[in-house]
Amino acid sequence: MGETFARTTALDAAFHMHTYARKPVMFVRGSGMRLYDDDGREYLDFTSGIGVVNLGHAHPAVAAAVSAQMERLVHVSNLFYVEHRDELAERLVGLFGGDARVFFSNSGAEANEGAIKLARRWGKARHGETCTKIVTAERSFHGRTLATLAATGQPSKQEAFEPLPAGFVHVPLNDLAALAEALTDDVCAVLLEPIQGEGGVFPCTHEYLTGARRLCDERGILLMFDEVQTGFFRTGAAFAWQGYGVRPDVMTLAKGMANGMPIGAVLAQCDVADAFQPGDHGSTFGGGPVVCAAALATIDALEEGRLGENAGRVGAYLREGLEGLAAATGAITEVRGCGLMVGITLNRPVAVAAAASALESGVVMLSVGDSILRFLPPLVCSTAEVDTLLGILSAAIGDS
Ligand SMILES: Cc1ncc(COP(=O)(O)O)c(C=O)c1O
């Protein structure tokens, strides 16, 4: 452990609010799937910074786009036109397909805040003043701001911060009867992650999303997908809903959008988006030229590298390998996910210890609660890197 690391941990303990339980490593450099700590030790990253650097670390095209724009113009506000913002909006609408409009935020929580405000504004205009409720799923995660925390279906994250904003109802995932029952006249929207990420990688079934679409259409309300984690080719398609063939009215994005630069977005069908009037919503930093240049370079590189196809192929190989490990060891009770968004449930509460042991062996992975491990590598991940993961994981589970 170097002197710099010791100084950093001391400063962290003294001067940061204690909101994060950090792991005992300081990363100083990255390239593709690889991270390097302050001692020069190499790690394989199966987290992408929690589903963010889909292109891999320090992608040169993104670095070049950011630095070129930094040297030209960094910020002027949303009161003026700037380069890249409109081109990016057009690009996102192209990926979404059909007529839609975009609002740019700085994060996933802010994108969801925007979607919640839009749904309420639309619901009141369409169905009357009391039509403001939003139905979300148990175990969902939509952010840490007060409204998105209220939308989140995890009481353990909410209780310390009550009272939370009213107007959110939670239903069990993949239970269509429960969803139908929750859709009372005061509900304006259903908000779902197509695959729950922070909750531990729990996919919606095809039947559930199709049924949710049908129910929303029957009631004349909005179906909104939180694609903050599933977006930008993580599950194979540009957005996870495209893999399901179930189109939302509103979609939120962030994480993988600019390969690590902070940006988020709300997309909505034009007739819904037009519920927002000038002055209804805004952001100082949202849609600035530097992050928009980074996002355009990111989308170009994701498409040129056909990384969605790689995510589908290598993700299937990873799930197969994990199934093999489950059969061989009995230590894994379930393998879930799509593309390179994969989770496993262990037969014992050793997820934290297993992730710590893997980190010591040079592989970075995420634990959820006591018995779930998650794998969200950059979409450039190869089958050889999956083989390395499987070897280290097998030992880590065995030792824990
Ligand atoms: C599905 C989903 N929605 C929203 C968020 C919140 O995003 P952010 O941390 O950028 O506010 C996350 C973050 O993990 C997420 O996974």
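Begin by selecting helix H5 (residues 108-127), which with three residues gives the most to the shell around the ligand; helices here are DSSP runs of H or I with at least four residues, strands are runs of E with at least two, and both are numbered from the N terminus. This is a predicted model, in which local features need pLDDT of at least 70 and side-chain atom pairs count only at pLDDT 80 or more, while totals for chains, interfaces and linings use all residues. Residues are numbered from 1 along each chain as its sequence is written.

**The ligand shell**

Next, select the 15 residues that surround the ligand, of which the closest are Ser107, Gly108, Ala109, Val228 and Gln229; a residue is taken as near a molecule if its C-beta atom, placed from the backbone, lies within 6 Å of it. By class, this shell around the ligand divides into five nonpolar, seven polar and three charged residues, where Ala, Val, Leu, Ile, Met, Phe, Trp, Tyr, Cys and Pro count as nonpolar, Asp, Glu, Lys and Arg as charged, and the others, Gly among them, as polar.

**The two domains**

Now colour the protein by its domain assignment, which gives domain 1 (3-58 + 306-399) and domain 2 (73-304); such bounds come from an automatic or database domain assignment. Taken over C-alpha atoms, the centres of domain 1 and domain 2 are separated by 26 Å. In domain 1, 23 residues are in contact with 24 residues of domain 2, contact meaning that the C-beta atoms of two residues, placed from the backbone, lie within 7 Å. To display the side of domain 1 that touches domain 2, select the elements that give two or more residues to it, namely helix H2 (48-51), helix H13 (307-329), strand S13 (332-338), strand S14 (341-346) and strand S17 (372-375). The largest share of that side, four residues, comes from H13, and the side as a whole has twelve nonpolar, nine polar and two charged residues.

**The largest nonpolar core**

Move on to the largest nonpolar core, where, of 120 residues, Ala119, Val190, Leu222 and Val250 touch the most other members; such a core is a set of buried Ala, Val, Leu, Ile, Met, Phe, Trp, Tyr and Cys residues joined through C-beta atoms within 7 Å. Helix H12 (residues 289-304) gives the largest share of this core, ten residues. Because domain 1 and domain 2 both give residues to this core, it lies between them. Centre the view on valine 190, which, leaving aside its neighbours within four places in sequence, is in contact with Val135, Leu179, Ala212, Cys216, Ile221, Leu223 and Met224.

**The loop between H7 and S6**

Then select phenylalanine 161, in the loop between helix H7 (155-158) and strand S6 (168-171). Phenylalanine 161 counts as exposed because it has 11 C-beta neighbours inside 10 Å; a residue is buried if 20 or more other C-beta atoms lie within 10 Å of its own, exposed if 12 or fewer, and partly exposed in between, with C-beta atoms placed from the backbone. Proline 163 is also placed in the loop between H7 and S6, and the peptide bond from glutamate 162 to proline 163 is cis, with omega near 5°.

**Two positive phi values**

Most residues other than glycine have a negative phi, and most peptide bonds are trans. Select serine 48 in helix H2, where phi is near 55°; with 29 C-beta neighbours inside 10 Å, serine 48 counts as buried. Finish at histidine 84, in the loop between helix H3 (60-72) and helix H4 (85-96), which has a positive phi of about 80° and, with 21 C-beta neighbours inside 10 Å, counts as buried.
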